[in-house]
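Subject: Model handover and notes

Hello,

Here is the model for your files. My notes follow below it.

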Amino acid sequence: MTMESLPHSPAATGSAQVAEDASGSTREATLISLMFFGSGIPALIYQLVWQRMLAEIFGVQIEAVTVIVTAFMIGLGCGSLAGGWLSTRTGLATLRVFALIELSIAALGAVSLPVLAWVSDRVLGASLLTTALVTLALVIVPTMLMGATLPLLVRHWVSRSGSTGESVGRLYCMNTLGAAFACVLAAFVIFPLSGMRTATYLAALLNATVAIAALTTYIRSRASASRIAWASRTPAAAGFASASASASTMVAAPLAVKFRACLWLAALGGGVSMSFEVFLFRTISFSSGGSASAFATTLAMFLAGLAMGAQAAGRWCGGSAVSLPRHVLNTQLAGIAVSAAFLPIAKLLSAFGPAALFPFLYLAVFVIATAWGTLLPLLSQLSIAPDHRSGLRTSQLYLANIVGSASGSLFTGFVAMQSFGLVHISIGLTLASAATLGLFAWMLPGAHHNLRRRYTATALALALCAALVVPAMTSNLFGSLEYKNAPATSPVVDVLENRHGIVTVAADGSVYGGGMYDGKFNVDPIHDTNMVFRPYGLAAATPAPRRVLMIGLSSGSWAQVLVNMPGVESLTVVELNDGYATLIGRHPNVASLLRNPKVTLITDDGRRWVRQYHEPPFDMIVMNTTFFMRAQTSLLLSREMVTLLRDRLVPGGLLMYNTTESKRVQRTGCEVFGNGVLLGNNIVLSTSPIIWDVARWRRAMLAWRIDGKPVIDPGNPAHQDFLRRFAQHFPGPDIATADTGTPSPMPSCQTILAQTQGFAPVTDDNMGSEWRFRYGVE
């Protein structure tokens with residue numbers, strides 16, 4: 001009988017046991033990948049929720065948003081360093097530490113919203129520097145915990161795979177892919193169906209689930225290690241284990257590149273890639289008219305591209321070192337080609353409507369991000385040895401990438417967007433990409449000099465071609481992206497770009513903010529092309545208000561009407577984008593607004609300013625709000641905001657804002673004030689019953705003057721007809737028109753509340769209909 005036939009031979013048993021544990025290692029690798037995928041989901045949900053919550057506190061101006069994102073990145077970078085240092089400790093139970101980190105994140109995430117709300121009341125009106133420090137303090141602990149996980153798991157993985165690049169590529173891919181999935185999950189499921197509070201609880205539950213899975217895997221791996229220790233006592237098992245260990249180290253050795261050079265390149269790549277994300281988001285947001293889901297979907301595609309790039313790079317690192325340079329440079333070159341042609345192709349496809357435009361925009365985001373996703377794993381492979389310091393080195397490389405990303409975000413958000421237009425930023429990013437490719441090509445060991453020259457020359461040629469050709473090919477770019485082949489449109493004649501957004505003006509005087517209609521330059525109620533009868537109509541609801549607040553400037557037409565309203569002594573206007581004032585100065589019918597001594601223009605976020613205002617109350621507040629489904633609009637339409645505005649009014653004062661015909665928005669205002677009436681698509685609210693006096697309105701209209709000229713000429717038949725028609729169409733709350741069968745054109749709050757039974761009010765938590773509008777659900 002041979003040894004192989006002996007059922008209980010120690011050698012046979014040991015060999016079988018080691019083979020079984022080799023299979024177990026594969027299962028463990030799969031489980032770790034899935035856990036890191038799961039870990040990426042709550043991390044991104046927290047970022048989306050916290051960014052929204054902090055916007056309620058600090059405002060949605062670009063400075064505040066950039067500070068929030070930068071603080072998040074700083075936390076990740078510091079956590080990465082801490083995780084890298086921790087990974088160098090001998091005998092560290094990596095999976096157990098990972099589980100503890102996930103449990104800690106779950107605990108912090110579950111209580112994050114109440115903490116943010118508590119802090120917000122104590123830092124009201126703080127400077128930008130204080131805002132930055134407070135934001136950093138709020139997010140530093142959870143983001144450090146998130147950032148620590150990558151270097152820890154890289155060290156654990158490298159000890160088994162023997163390839164740093166492959167380890168970083170696979171782990172970075174899975175975590176980033178989880179974050180991309182979280183964007184889609186939040187935008188299309190969690191936010192529409194629940195809200196921010198539920199989202200944080202779900203994220204905390206996911207963290208806890210990942211922690212349990214990590215602890216279970218850790219316990220099983222310890223049991224497996226015990227079995228290996230016992231089995232290795234047999235000669236055959238020892239030989240098998242030795243052979244397995246040798247096989248596990250038979251991978252391409254890291255190529256000889258100075259670590260410091262890789263740090264600089266990681267920072268440069270992070271800066272350019274983050275700048276691309278900001279640029280791509282602005283383009284897609286403008287094209288979508290400021291859709292609430294534009295940021296989440298753009299981020300999802302960008303993260304998915306980064307994940308696929310990391311996965312591909314990890315696979316190349318585990319293969320032949322000879323083909324590595326060509327794979328890398330081909331991917332980078334594809335990204336440069338797409339970025340060079342991005343805006344011209346977008347303009348071309350916009351003529352075929354949204355169905356042709358948006359698939360290309362998102363595909364381009366994916367391709368560009370894929371090119372940048374290859375960077376971190378490849379730099380890890382080139383400069384980090386697969387030893388006990390691999391986790392620490394990875395954390396340093398990751399930190400350099402994050403520092404570059406934060407710098408790119410700050411530069412693009414504060415400087416580039418303020419000083420340059422979208423076309424020139426596109427060209428600049430293409431040139432920066434070509435320069436990065438050139439540096440990477442000349443740093444790659446094993447790449448032939450001709451190969452380096454060829455790829456560098458091709459990249460620079462594409463960038464220079466873009467610089468020469470793209471401006472001519474993108475004339476009327478914003479008109480094309482804005483209208484997307486819509487019929488009966490007026491050509492764009494003026495464009496203003498700054499860090500707050502893009503404002504365009506059509507030949508007919510229509511103003512578009514961020515790609516969506518935002519008003520028109522017109523103060524004439526007789527030739528009413530912008531429903532300007534609404535601010536004029538306020539004279540029927542209140543007897544001569546003295547102090548007026550207006551949130552949102554737009555074309556300045558409403559402000560021009562209100563400041564010249566009989567009895568008004570002062571008008572305070574709060575507008576986030578100071579570019580509107582520049583455009584107003586170019587239009588004679590509203591230009592005098594900027595010189596009117598009764599007008600005070602304040603550049604700030606409307607909600608932020610109102611929260612910190614505690615001076616004498618206003619007689620009337622008007623919000624020229626945009627469409628209720630646009631991103632961040634519910635911050636102005638929520639119950640919390642309407643309550644703030646009520647508290648800034650004198651007793652019996654008026655609030656009027658545009659509901660854009662949303663039943664939920666109308667109900668929210670009526671629940672807070674109790675008294676109100678619809679005037680067109682605007683709602684007029686008060687804590688006291690509104691006395692609608694058409695005769696008073698007529699007297700005011702006859703006394704109204706703008707730039708010294710009367711608004712109404714009582715001897716003009718057209719003007720007389722306007723006065724008569726307004727009195728017929730807007731007789732008062734719940735009063736039917738001459739045809740008694742026609743419903744009242746001015747339903748009161750009592751009627752609105754009765755008609756909207758079952759409608760949930762807009763709150764900060766549920767974010768109104770921003771995320772639900774695509775489903776046709778109010």
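Tyrosine 775 lies in the segment after helix 28 (749-755). Helices here are DSSP runs of H or I with at least four residues, strands are runs of E with at least two, and both are numbered from the N terminus. Tyrosine 775 is partly exposed, because its relative accessible area is 43%. The cut-offs are under 20% for buried, over 50% for exposed, and partly exposed in between, with a 1.4 Å probe and protein chains only. Areas come from the Shrake-Rupley method with a 1.4 Å probe, and for residues only the protein chains shown count as cover.

This is a predicted model, in which local features need pLDDT of at least 70 and side-chain atom pairs count only at pLDDT 80 or more, while totals for chains, interfaces and linings use all residues. Residues are numbered from 1 along each chain as its sequence is written, and side-chain values use heavy atoms, with hydrogens and water left out.

Confidence next. pLDDT is the predictor's confidence in each residue, from 0 to 100. The protein averages 86, and 89% of the residues score at least 70. Residues 1-14 fall below 50; that stretch has 10 contacts in the model beyond near neighbours in sequence. Contact means heavy atoms within 4.5 Å. Residues 236-255 also stay under 50, with 30 contacts beyond four places in sequence. Where pLDDT is low, the predicted coordinates should not be read in detail.

Now the overall picture. The protein has 28 helices and 13 strands. Of its 778 residues, 57% are buried. The accessible surface comes to about 30500 Å², and carbon and sulfur atoms account for 64% of that. Take the contacts between residues at least 6 apart in sequence: 78% of them join residues at least 24 apart.

Which residues have the most contacts inside the largest nonpolar core? They are Trp50, Phe191, Phe279, Leu379 and Phe440, in a core of 145 residues. Helix 1 gives the largest share of this core, 15 residues. Apart from it lies another core, of 54 residues, among them Ala540, Leu654, Leu679 and Trp704. A nonpolar core is a set of buried Ala, Val, Leu, Ile, Met, Phe, Trp, Tyr and Cys residues joined through side-chain atoms within 4.5 Å.

Tryptophan 50 deserves a look. Beyond four places in sequence, its contacts are Phe72, Gly109, Ser112, Leu113, Leu116, Val139, Pro142 and Met146. Serine 33 sits in helix 1 (residues 10-58). Serine 33 counts as buried because its relative accessibility is 3%. Outside four places in sequence, serine 33 contacts Trp157, Arg170 and Met174.

On to charges. Side chains of opposite charge can pair when their charged atoms come close. The structure holds 10 salt bridges. The criterion is a side-chain nitrogen of Lys or Arg within 4 Å of a carboxyl oxygen of Asp or Glu. Three of them are worth checking:

- Aspartate 604 pairs with arginine 608, the closest N and O atoms being 3.6 Å apart. Aspartate 604 is buried at 12% relative accessibility. Arginine 608 is buried too, at 14%.
- Aspartate 647 pairs with arginine 646 at 3.3 Å, N to O. Aspartate 647 is partly exposed at 45%. Arginine 646 is partly exposed at 29%.
- Aspartate 721 pairs with arginine 724, with the closest N and O atoms 2.1 Å apart. The two are 3 residues apart in helix 27 (residues 717-729), so about one helical turn separates them. Aspartate 721 is partly exposed at 23%, and arginine 724 is partly exposed at 44%. A network of salt bridges links Asp721, Arg724 and Arg725.

Last, glycine 732. Where is glycine 732 found? In the loop between helix 27 and helix 28. Glycine 732 is buried, with a relative accessible area of 0%. Not counting residues up to four places away in sequence, glycine 732 touches Trp692, Ser744 and Met746. Glycine 732 and proline 747 are 15 residues apart in sequence; C-alpha to C-alpha, they are 8.5 Å apart in space.

Best regards
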